[in-house]
Protein chains: 2
Amino acid sequence: MAKVTGLTCLKCGRRHGAGEFILCPDCGLDGILDVEYDYDAIKHSLRRNPLRGRAERSIWRYADMLPTSGLGSDMPEAGVAQSGGGLGGAAGLRIGWTPLYKFPRLGRAARHENLYIKDDTGNPSASLKDRASAVAVAMALEAGASGIACASTGNAASSLAVVSASVGLESYIFVPKTIPGPKLYQIGACAEGIFRVDGTYEDAFEVATAAIERWGWHNRNCGINPYLVEGKKTCSLEIYEQLGYRVPDWVVVPVGDGCIISGQWKAFKELRLLGETACVPRMLAVQAEGAKPIVDAFLAGGDVVPVKASTIADSIRVGQPRNWRKALRAVRESNGSAVSVSDREIVEAMLLLGKRAGVFAEPAGATGLAGLMKAVTTGLVAPEEVAVVLVTGSGLKDPSSLEKEIKICDVGRDLASVERCLRSR
Amino acid sequence: MAKVTGLTCLKCGRRHGAGEFILCPDCGLDGILDVEYDYDAIKHSLRRNPLRGRAERSIWRYADMLPTSGLGSDMPEAGVAQSGGGLGGAAGLRIGWTPLYKFPRLGRAARHENLYIKDDTGNPSASLKDRASAVAVAMALEAGASGIACASTGNAASSLAVVSASVGLESYIFVPKTIPGPKLYQIGACAEGIFRVDGTYEDAFEVATAAIERWGWHNRNCGINPYLVEGKKTCSLEIYEQLGYRVPDWVVVPVGDGCIISGQWKAFKELRLLGETACVPRMLAVQAEGAKPIVDAFLAGGDVVPVKASTIADSIRVGQPRNWRKALRAVRESNGSAVSVSDREIVEAMLLLGKRAGVFAEPAGATGLAGLMKAVTTGLVAPEEVAVVLVTGSGLKDPSSLEKEIKICDVGRDLASVERCLRSR
């Protein structure tokens, strides 16, 4: 089933055949492609096998809306030990169908009762990136690739290492010298090869690109491989189903390179195109104040101008986003908006998520909540509007960000010191 | 529905009424209780609503086999935003129904093709302990407790903080001075109060016990509260279902205090008692060489003698296990066995799990696999026997344990140095 019908360049608009390129040859690194499908075939598949009747609870529930072939939505349940099931026929990790929560106490604290949390921290590598890695790995297996590679500062890399290892595909990860320990060890425990490049993320990216070319590995670089966005869109397909087949008013997304928000928007656009829904949500892009080129471009009504990035939110510390065209299109087409939040607001959102919901997010993972709270304060998001906030990664990946924020009571071996602490709170 | 009919002391054998005590008043800290149910009522419930027809995919799938009241297995799906669903009627985190995997490459590397991995790293706090915390928190809510507390060095504490926060129950966590940073921050992000006691784990335990008495909090101390084992048994109820309603030959469990293995054994005993299954598995207890009082007691055929514990496997670094009677009973009654493994074998199991399955486990989480591999080598576990290994916690909770084990290739910005690394592997 060759469902991908073509790839259109976001910059020059030229259309390429399926499988020919992963970047527009005329536009180079700036020529990110958009994946198009045979939507009539998908409509037929959805009529024959409607979403609400499907048993599979992983991203492969949406196999007929993804670019991978050979996967049916009638496969054995992912993560339940039966023959096969998972990635391209190989047994693989269970990815997706993460919970959508409504926590009334969090809603009250955030001053928005219509607040839902889409919690992607429970994916195998503890971030949303697994959705993209799964699609990339399945396509690499289908193409018979000898290995798969990427450059990354963290989540994309650990995700690729974990998902590849689960199906026996060799992964080669290029990281910059500055990568924090926990992420390095997670990658190192699972990857076939980990290369620490003497330089910045951009240097690692260049070495990775050259190595991919030289050794013929599959390319999982974010903002290059257009199929990654396809994997990410499963998150919003789930939101639609888990809301009881309703479309929220807002989907709130932390934005770095711009791939995640692009995937969420594509999901809802395709649901409308397929006749599943009549309306689409507005997309709210949230960036950290110290790394907000996409917010700036949205407010200025122009293109992205690279900035020097600085924020505690490691996973969205991106000064030169690679997928900015798709991200800006998502915001503009959806009649959405873009806001930025301070590191202080991000930390406060982390603590709110923890103490009011028990969801431990990394700084980037809590940035969406901080942005929604700002949008509620300014009146951009109205009280009656349903807002779904994506929590994209676990706090365990970057726990030290809370080092100075945690109030610890140091006590002796007596109750008196405990009582003093309890009183002083 | 008051399904608990009584609690029997494992030491003196005396039977107490439901809800009277959480420890045998005659035996004190040594008087761990065993929870008994009205099994006829459960049989009736299972006939009316058989396991294989249930829709819920969380620990509340087994509500009629748990000590909590007021929970039906016909509740809305956990983690799907609908009204309520979860803990005692309050919305709560989705816990349990974690994947059971069969990874052929891992099976070959571990020299046991009939190997299954029960991966509990994807629970909300990234460990199996969430199953126990959920039951404790639900019971605390039912009892109208003002708060819940425990002393812990890590997973039990972060689990309690996370699960409590999700339903608005205040949690008070007592930790020893030596707790590592990542665990401290996860707890601190979610708990109502975190008390760092100037002393050892035993000191923290004593202060916690006194504080629980003083302020009337619910007691979630491991190896004290007998209902925690009930939550943990859901893991093996899932294994039975996910294996296609078959009982494995072996269930392999890392053992510290002894609560987890006790829960797994109780699940299978109860399935047999309820007429669901005709047979039970053998339990294989695995401890680290530097902390193996239960292995020693099993081999000597006697009671546990406390030892000074030392191992990299933080979560099972227990020299004086509190629930040793239940753990030894599980091994002996099941005609099981107990083995110990070196820290080196634990690290090798971590790397095997990572590179052959994409499962990133903390050292204690990989200890089961190390133990199975030893048992396969000695012939204790035969090739044709189905062995399920529990992976109890995520490597993200203790990533630095791999610091010296990860082989990182330091490269320049040229392909030549990458090529040298690839060749030298």
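Q: How many bridges join E13(A) to strand E14 of chain A?
A: Five, and E13(A) and E14(A), residues 337-341, run parallel. Strands (E, at least two residues) and helices (H or I, at least four) are DSSP runs numbered from the N terminus, and two strands pair if DSSP finds at least two bridges between them. This is a predicted model, where local features need pLDDT of at least 70, side-chain atom pairs count only at pLDDT 80 or more, and totals for chains, interfaces and linings use all residues. Residues are numbered from 1 along each chain as its sequence is written, with chains lettered from A and ligands numbered from 1 in the order written.

Q: Which residue in E14(A) is the bridge partner of A:Ala288?
A: A:Val341.

Q: And in what sense do E12 and E13(A) pair?
A: Parallel, over five bridges, with E12 of chain A covering residues 250-254. The chain gets from E12(A) to E13(A) through helix H9 (residues 259-273), in a right-handed β-α-β crossover (clockwise from the first strand over the helix to the second, with the strands pointing away from the viewer).

Q: Is E13 mostly covered or uncovered?
A: Mostly covered: seven of its seven residues, 282-288, are buried (20 or more other C-beta atoms within 10 Å of the residue's own, C-beta atoms being placed from the backbone).

Q: Which residues point which way?
A: A:Arg282, A:Leu284, A:Val286 and A:Ala288 point one way, and A:Met283, A:Ala285 and A:Gln287 the other. In a regular strand the side chains alternate between the two faces of the sheet.

How values were computed
Buried ≥ 20, exposed ≤ 12 C-beta atoms within 10 Å, placed from the backbone.
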